[in-house]
Amino acid sequence: MLDLDTKVHDESRQGEAFSPATTGTQTYTKKFYIESYGCAMNFNDSEIVASILGAEGYGPTRNAEEASLILLNTCSIREKAEQTVRKRLTEFKKIKQQTPGMLVGVLGCMAERIKGKLLEEEKLVDLVVGPDAYRSLPALIAEAGSGQKSVNVLLSREETYGDISPVRLDNNGVTSFVSIMRGCNNMCTFCVVPFTRGRERSRDAHSIVREAAELFANGYREVTLLGQNVDSYYWNNDDGSETVTFAMLLERVALINPLLRVRFSTSHPKDITDEVLFTMMKYDNICNYIHLPVQSGSSRILQLMNRTYTREWYIKKVNRIRELIPDCGLSTDIITGFCSETEEDHQETLSLMEFARYDLAYMYFYSERPGTLAERRYQDDVPEDVKKRRLAEVVELYRGHSQASMEKEVGKIFNVLVEGTSKRSDEQLFGRNDQNKVIVFPRENFKKGDYVMVKVESCTSGTLIGKAMQ
Ligand code: SAH
Ligand code: SF4
Ligand code: F3S
């Protein structure tokens, strides 16, 4: 999902601890440490958790050893993601043994998937809280503090945390995520998300626009609207007099200010409409970039995955995007070695990639997840070495495409939103263009949050290198 780097068969972001940079003037009596795994939505949830804990006097810290509460906000999407969390939990054991009264909690999708069993399996876990139960954290912490093991993994049909202002933790002060919906109603057979996140529900459109407007007022210049399937966003008010589709929401957020860039993720190929594409065309500040996961290039595999589109349908969708928005950046997710995948199916994935020539791709080999439809219905029958060899072929082809996609930008001029100082040099700033490509250029007198016209002079495989136009 959303990420700076190309990931091959790993989580997009792993185990980042949040910086306590932006907690305002509030004074805290206790400290919590949180590590987040998985998708951007999970990271955004950690910001909601930080807000709920802030009201209880807990401030964030980057140092686990000074915290009285350690939280891991976990991901279950692939087996490896869960293994990483288990390893982290054993590492925290030592700190917990040395710190009387310290509580350790597991939040997020793994909490939801394994539920109370986590308390038995991992003896050092005191709290297990699912994605829809964060409002009960204060009560659960109190319960755990008095020596009881606390669990709340109830999923909700209504919870959107719409009224909670997330505490921006992992923060550059320029770009931010805004969750617009929760859960997922698609039953892709490989996927654990419908089980860990529950039914799809859309957040109150007014609270979304309010949050984005507040971010803009606080100096932010880019919001990314988040959902597992943003194009099926659909909200109506209580008396049914107001209905908001995703295209309408996109327009409302774009209208906040032309200087606020708007991005969104993820689009399911079956749901992205012409209306959304027209809205993108109408507003310059809606970025020309679409994350459109294909998963496989074989219609037979797509059907087994229950993606509800065919290879031909996907190709038509990409053609439509390119017809309406010729310079649109396009990224994808691909799974190799799904149940019964043959060499012919795999070749179809490669040929679809040749057609789409993705600017960015997240590629994984299939990891069977307990409880999913694929686990119940199909055999995970592609040997691991074959899955990995196919993945390597997919990655190699992608690398060529992404290199070409970078090289074609040399000589062009882009409007870049500056996000901060380049990791390599204090003298360089970095930002992104509309199509989400990272551009590095000399600092001169520019600063974070500025829009700068930059001419690209060269590139590496992941970065464009340029100079501000005078
Ligand atoms: N809602 C998004 C995807 C969320 S999960 C969508 O529909 O596109 C992010 C990606 O993880 C998926 O697109 C898929 O490529 C990958 N993924 C999900 N389950 C997986 C599994 N069991 N094994 C390997 N990759 C998986
Ligand atoms: Fe999973 Fe499919 Fe929902 Fe994406 S759309 S979260 S892949 S079930
Ligand atoms: Fe992982 Fe849950 Fe997101 S399974 S990808 S953290 S919705």
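Colleague: What is the space taken by ligand 3?

Modeller: In this predicted model, the space taken by ligand 3 is the largest cavity. The word cavity is used because a 1.4 Å probe fits at its grid points but cannot get out.

Colleague: What is said of the spaces taken by ligand 1 and ligand 2?

Modeller: The largest cavity is also the entry for ligand 1 and for ligand 2.

Colleague: Which residues are around ligand 3?

Modeller: They are C39, N42, T74, C75, S76, I77, C109, V193, R197 and Q228. Each has a heavy atom within 4 Å of the ligand, so each counts as near.

Colleague: How does the shell around ligand 3 divide by residue class?

Modeller: It has five nonpolar, four polar and one charged. Cysteine counts as nonpolar, so C39, C75 and C109 fall in that class, and R197 is charged because Arg is on the charged list.

Colleague: Which domains give residues to the shell around ligand 3?

Modeller: Domain 1 (7-152) and domain 2 (175-407) each supply at least three residues.

Colleague: What surrounds ligand 2?

Modeller: The residues are C184, N186, C188, F190, C191, V193, P194, Q228, H268 and R307. By class, six are nonpolar, three polar and one charged.

Colleague: Which of the residues around ligand 1 come nearest?

Modeller: Of 15 residues, Q228, P293, Q295, D333 and S367 come nearest.

Colleague: How much of ligand 1 does the protein cover?

Modeller: The protein covers 95% of the 540 Å² of accessible area that ligand 1 has on its own. β16 (329-336) and β17 (360-365) are the elements that give two or more residues to its shell. That shell has seven nonpolar, four polar and four charged residues.

Colleague: Which backbone geometry is noted at S265 and T266, and at K115?

Modeller: The peptide bond from S265 to T266 is cis, with omega near 10°, and T266 is in the loop between β14 (261-265) and α9 (274-282). K115, not a glycine, has a positive phi of about 50°; K115 is in the loop between α3 (108-114) and α4 (117-121).

Terms used. Residues are numbered from 1 along each chain as its sequence is written. Chains are lettered from A and ligands numbered from 1 in the order in which they are written. This is a predicted model: local features need pLDDT of at least 70, side-chain atom pairs count only at pLDDT 80 or more; totals for chains, interfaces and linings use all residues. Side-chain values use heavy atoms; hydrogens and water are left out. On a 1 Å grid over the protein atoms alone, a cavity is a set of points where a 1.4 Å probe fits but cannot get out, and a pocket is an open set with protein on both sides within 12 Å along at least five of seven lines; lining residues have an atom within 4 Å of a point. A molecule sits in a cavity or pocket if more than half of its atoms lie within 2 Å of its grid points. Domain bounds come from an automatic or database domain assignment. Accessible areas come from the Shrake-Rupley method with a 1.4 Å probe; for residues, only the protein chains shown count as cover. Helices (H or I, at least four residues) and strands (E, at least two) are DSSP runs, numbered from the N terminus.
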